[in-house]
Amino acid sequence: MPRSPPKRLAHSLAMDSSFSPIEEEEPEAVAEPLKRQGSVRKVLPATPGVPDPAKLVERTNSLPGIRSTSQYGPYFTEYSLLPEYNMLQGCAIPGVYCVPAANTPLMWFGVIFVRQGPYVGGVFRFNIVIPENFPDGGCPKVEFQSKLFHPQISPEGDFNIGRGFSEWNKNMHHIWQVVDYVRKSFLKIDPGQPVNEEAAKMYKMNHEKFMAEAKKCVSLSIQRIYDLSPTDDPHYISFEPFDSKTHESLREKIYSQESSSEDSRGLSWVASNSIKPFSVPISGVIQNSS
Amino acid sequence: MNWLRNSPIRVSLRGRGTTSSPPKECDPAACFDSFKHHWQQAQNIINKIQGGTEGATQDDILSVVNNLDQMQTLLVLELKRGGREERACLDFLLSQSILDQLLTSSSLTGLYSNILRLEQLKVYEMLLTHAPQQQLLLTQEPFLRPLLRLLTSCINECFPADIEKRLILLLNQLCVCLTHNPEYLDLFFTESTGPGRFVIFSLLVPYVHREGGVGHQARDAMLLCLGLSKKNEALASYIADKSNVCPVLATGLSGLYSRLPRKLLIESEEWHCFTPDDVIELPELTHFLASLEFCNAVVQVAHPLVQAQMLEFVHHGFLVPVVGPALLQNMVDELVTSTAYLELFFRSISEPGLLKVFLRFIVVDHYDGERVIDKLISRLSGKTQLCMVTISLFNTLIGLHCEDVMLELVFKYLTCCTHVMLSQRKRIKDMDVYCRSAERLLALSVAVPRRRKTNSSSSSAGSLSSQSSQSLRHVSLHGDFGAYLVTARASIAATWLACGAWTHAYDGESPPPRTALVLPTDSNRNLAQKATEESLASVSSGYHSLQPDSEVREDSPLVTNRSSAPSFHSTPDIGPFLDLLLRQLENMMTNSVYLNLQLTGLISRLAAFSQPLLLSLLLNHSLVFQPSVRSLFQVLGSLKQRLDAYLSRHDNVEELLLEARLFLVCREESLANAKRHPHEPAASTYAPSTNGGSRRGTSIADSSFKGEAKRLSISSALSVLKRATQGAFSPVREQPAIEYSANGFRLAKRAENSELKNVVLCAVLFDEWLKELAALALEHGSE
């Protein structure tokens with residue numbers, strides 16, 4: 001079960017995630033983000049004042065870049081990324097979970113549960129690193145945190161995203177496509193233009209051995225699944241063994257969530273086939289009494 | 001019954017009474033004996049009266065009253081003791097039909113019948129209060145039958161105050177009891193009360209407009225009855241068809257409305273709507289609002305049958321004959337008043353049914369071929385008080401988020417999509433994902449002219465201003481873009497939620513453009529034309545504060561880039577409402593800062609709607625419209641040009657801008673403080689905080705720049721209102737602007753005399769508004 005301490009879930013980028021963040025120390029803090037799930041629109045902070053704009057300025061105003069030359073640069077960066085994140089959430093890419101870091105909108109933590117292919121069963125962490133002057137700074141980078149033997153992933157963990165997005169076209173390309181591309185690269189291995197020559201060669205020449213290497217990666221990832229967080233960012237996705245005492249009630253909550261009943265508030269007396277005000281036929285009661 | 005209370009007889013009677021008053025801790029058997037004894041005595045007198053020919057004497061009555069008092073005390077004792085098996089007195093009371101006998105005797109006592117009536121009311125009230133299971137009493141024939149007869153006998157009677165009080169109290173008790181036990185409701189529909197008649201309700205109706213405790217209790221009881229009617233067809237049809245409550249309430253509204261002041265003495269340039277304090281100062285208005293709120297409650301709780309009738313009467317008995325003429329008359333200052341009343345009414349009612357009647361009245365009803373809404377729209381032009389209150393009214397109307405209103409004002413003209421170039425129609429739904437519109441908006445910020453480095457003092461002044469603007473950020477919304485974003489997000493979300501029940505999406509596809517009305521563009525043209533004419537005509541009507549529109553001030557240096565005359569030549573059109581708003585916006589440099597605050601607040605409110613047709617018109621920088629259509633970006637661009645050009649011709653603009661900022665910051669502060677401490681004078685609470693952060697910013701954003709200051713300006717920017725007809729003047733309250741200027745600037749005063757300072761204020765406001773709009777654009781884009 002993915003676990004992400006949602007202490008700063010109110011952060012504007014990180015609110016409406018498709019997985020349910022679980023936090024055992026502060027169960028009451030969890031209730032709120034859970035409740036918000038299923039909202040059609042982006043979720044609003046419960047209290048005004050968050051996101052703390054002062055923080056935002058503080059953490060990004062030193063960044064260079066075209067847009068950040070003005071005092072509004074950091075806002076533009078953040079608000080260019082908000083729709084990207086919302087689109088990613090909307091896509092609900094199977095087996096992949098992402099959440100932006102609490103400390104910067106330019107880094108998103110991700111984890112992929114591989115469901116088929118040579119790496120089936122693997123749980124791999126990755127970071128998406130977004131250029132500071134997004135959407136103009138080229139393609140976001142994808143860096144894997146665990147060792148992966150894969151033609152498109154360098155021994156240092158850098159995913160060869162340029163294979164799929166040779167040039168970042170902001171009118172066509174979106175971050176969800178990057179994430180989906182990464183997911184697919186685990187299903188069907190592409191040995192072309194590899195960044196890990198050995199892996200590519202092995203995939204082509206010695207398929208059995210390659211499969212065994214992949215299996216190794218999988219078991220290694222499972223062994224290290226409960227590793228402690230290497231960063232103090234509260235949005236880092238970490239895991240812990242399922243403990244019914246801590247998690248059962250939350251799990252029940254997640255499964256029992258009724259789809260948020262759309263309370264259609266508001267005033268309208270416009271008939272569906274009309275564009276005239278007050279065109280809804282007057283109900284029989286009123287006619288009777290008049 | 002005061003005469004009785006003070007009479008010597010009463011005193012002597014009281015003396016006698018003490019001897020036979022029962023001990024506190026008494027033996028139930030002794031109590032019962034005493035109870036029977038007192039009844040015996042009372043009965044003897046009653047029999048004597050009934051048998052005799054002379055009628056009752058005062059002594060007889062007093063004796064009966066005394067005995068009844070004793071019996072009540074004993075009954076209370078017994079009921080309070082609470083033992084289930086020992087209800088001897090109560091059983092005796094019921095088995096002997098004592099209540100029946102009392103009722104019969106009271107009808108024979110002539111002059112003194114009211115005294116006995118009062119006693120009986122007290123007995124019933126006491127029984128209902130103290131009986132452990134009061135609802136069971138209702139099933140007791142010896143209790144219910146005389147009660148109904150007594151109540152029926154009260155119909156159409158005029159009573160002294162003490163009986164009224166007892167009667168209403170008893171009725172209220174009965175209603176509470178029935179609300180808890182609605183199954184007993186049918187017991188009150190009997191032959192003795194007349195077929196289908198619900199006597200409790202009939203008795204309450206005359207008290208519906210009564211002030212004070214009795215009226216309050218009566219209205220309370222009435223609402224309980226109306227609530228009961230929801231589940232009881234007999235009661236509903238009685239109230240709707242037989243009782244006259246609906247006409248009484250509706251005509252009551254008319255009566256109370258006619259007592260309202262027709263003119264207000266408005267002393268503040270800023271005034272644009274009634275604040276809670278204003279309402280308190282006008283007792284007639286307070287009374288009217290109480291009645292309106294009662295109608296609202298009636299519609300809320302009543303059976304649909306009653307509801308429909310109520311709405312019908314409000315429409316035909318109040319809106320059409322009274323409010324309509326008040327809104328369509330020619331006296332400008334009376335129009336200001338009636339418009340402000342209407343705005344207040346919309347804030348006071350909440351029930352969708354009632355809102356619908358009010359809105360239909362404005363949008364659909366015709367008076368001499370004209371609709372109220374058209375007249376209201378036409379008053380959006382000009383610089384008068386009437387314009388201020390009208391903008392305020394529209395702000396409230398749009399704040400209802402009613403699809404019909406928005407359709408009438410805005411979407412009717414946009415659904416056909418003719419305002420957009422044909423090739424662009426597909427782009428109406430496009431989202432501004434990379435913040436381009438916001439960027440463009442912020443780029444329209446006024447260019448502060450470079451100080452001419454002619455003397456050495458300039459550098460020090462420059463550092464002063466940068467220092468002060470630094471400090472401004474801590475206390476104010478100014479410069480705090482994050483606060484604008486938070487406000488924008490909240491506002492967009494609230495608007496989006498409130499439009500949840502809308503029928504159409506207004507995205508260029510739903511409703512499909514081809515079903516759009518073929519617009520009678522001629523009538524639009526006429527309307528806007530008329531608006532211009534009217535605003536000019538009212539100059540000659542003698543309304544003193546009305547200034548000529550800048551369109552006739554060809555000599556003004558401010559009017560540099562104006563398209564000569566209002567042009568309505570081409571067909572594509574965004575409708576008179578948006579057109580007049582944008583036209584008014586073009587005059588921003590000559591408008592008062594208060595008018596500009598209202599205006600920008602209204603447009604911002606419109607920009608919080610997510611419907612693509614409106615959103616694209618207001619906040620999409622790249623959509624190409626028909627040449628005849630003014631977009632918000634166009635108007636803003638031309639304003640920036642004119643502001644830049646004007647300011648570049650003057651020296652010292654930098655300092656003036658700083659002063660203007662301070663003025664607006666202080667105004668914000670005073671409004672925010674007024675909101676937080678409604679009872680303290682705002683000035684005393686001014687304390688700049690260095691660590692208030694975004695919370696403070698948000699509350700300020702809520703107030704001044706959103707045009708919602710009206711709800712907050714409780715004690716700060718108040719005008720003093722008095723009935724102009726009475727000629728009564730109240731002491732004029734200090735305008736806060738002057739006291740507030742922390743650095744001793746007295747900008748508010750001086751700005752009044754100075755065109756330059758007005759333009760500078762406008763420039764500051766313009767800049768801040770751009771941030772607000774940019775924040776809205778960003779938040780829309782991130783959906």
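User: What covers the buried residues of α23(B)?

Analyst: The cover includes α3 (73-91) of chain A. From chain B it includes α25 (481-498), α29 (612-619), α30 (632-648) and α36 (755-781). Now the terms. Buried means under 20% relative accessible area, exposed over 50%, and partly exposed in between, with a 1.4 Å probe and protein chains only. Helices (H or I, at least four residues) and strands (E, at least two) are DSSP runs, numbered from the N terminus. Contact means heavy atoms within 4.5 Å.

User: What should I know about the model and its numbering?

Analyst: This is a predicted model: local features need pLDDT of at least 70, side-chain atom pairs count only at pLDDT 80 or more, and totals for chains, interfaces and linings use all residues. Residues are numbered from 1 along each chain as its sequence is written, chains are lettered from A and ligands numbered from 1 in the order in which they are written, and side-chain values use heavy atoms, with hydrogens and water left out.

User: Which residues of α23(B) are buried?

Analyst: Helix α23 of chain B spans residues 436-443, and its buried residues are Ser437(B), Ala438(B), Leu441(B) and Leu442(B). Look down the axis of α23(B): these buried residues fall within an arc of 130°, so they line one face of the helix. The arc is that of the directions from the helix axis to the C-beta atoms.

User: How do I read the packing of two helices, and at what angle do α23(B) and α30(B) pack?

Analyst: Packed helices are described by the angle between their axes and the distance between the axes. Axes are lines fitted to C-alpha atoms, for helices over the stretch in contact, and angles run from 0 to 180 degrees between N-to-C directions. Here α23(B) and α30(B) pack at about 25°, with their axes 10 Å apart. That makes α23(B) roughly parallel to α30(B). The scale: under 35 degrees is roughly parallel, over 145 roughly antiparallel, 65 to 115 roughly perpendicular, and the rest oblique.

User: Which residues of α23(B) and α30(B) meet?

Analyst: From α23(B), Ser437(B), Arg440(B), Leu441(B) and Ala443(B). From α30(B), Phe633(B), Leu636(B) and Lys640(B). The contact divides into four nonpolar, one polar and two charged residues. Ala, Val, Leu, Ile, Met, Phe, Trp, Tyr, Cys and Pro count as nonpolar, Asp, Glu, Lys and Arg as charged, and the others, Gly among them, as polar.

User: How are α5(A) and α6(A) oriented to each other?

Analyst: Helix α5 (residues 197-205) and helix α6 (residues 207-223) of chain A pack at about 130°, with their axes 6 Å apart. They are therefore oblique to each other. Ala199(A), Met202(A), Tyr203(A) and Met205(A) of α5(A) make the contact with His207(A), Lys209(A), Phe210(A) and Glu213(A) of α6(A). By class that is five nonpolar, one polar and two charged residues.

User: How many salt bridges does the whole structure hold?

Analyst: Side chains of opposite charge can pair when their charged atoms come close. The criterion is a side-chain nitrogen of Lys or Arg within 4 Å of a carboxyl oxygen of Asp or Glu. Over all chains, the search finds 32.

User: Which residue pairs with Arg436(B)?

Analyst: Arg436(B) meets Glu439(B) in a salt bridge, at 2.9 Å from N to O. They lie three residues apart in helix α23 of chain B, so about one helical turn separates them. Arg436(B) is partly exposed at 26% relative accessibility, and Glu439(B) is partly exposed with a relative accessible area of 26%. Elsewhere, salt bridges that share partners join Asp100(B), Glu141(B), Arg145(B) and Arg149(B) into one network.

User: Are Lys412(B) and Glu408(B) buried or exposed?

Analyst: Lys412(B) is buried at 13%, and Glu408(B) is buried at 5%. Their closest N and O atoms are 2.9 Å apart in a salt bridge. They sit four residues apart in helix α22 (residues 403-414) of chain B, so about one helical turn separates them.

User: Where is Val433(B), and what does it contact?

Analyst: Val433(B) lies in the loop between α22 and α23 of chain B. It is buried, with a relative accessible area of 18%. Leaving aside neighbours within four places in sequence, Val433(B) contacts Tyr79(A), Ser80(A) and Pro83(A).

User: What does chain B come to overall?

Analyst: It has 36 helices and two strands. Of its 783 residues, 59% are buried.
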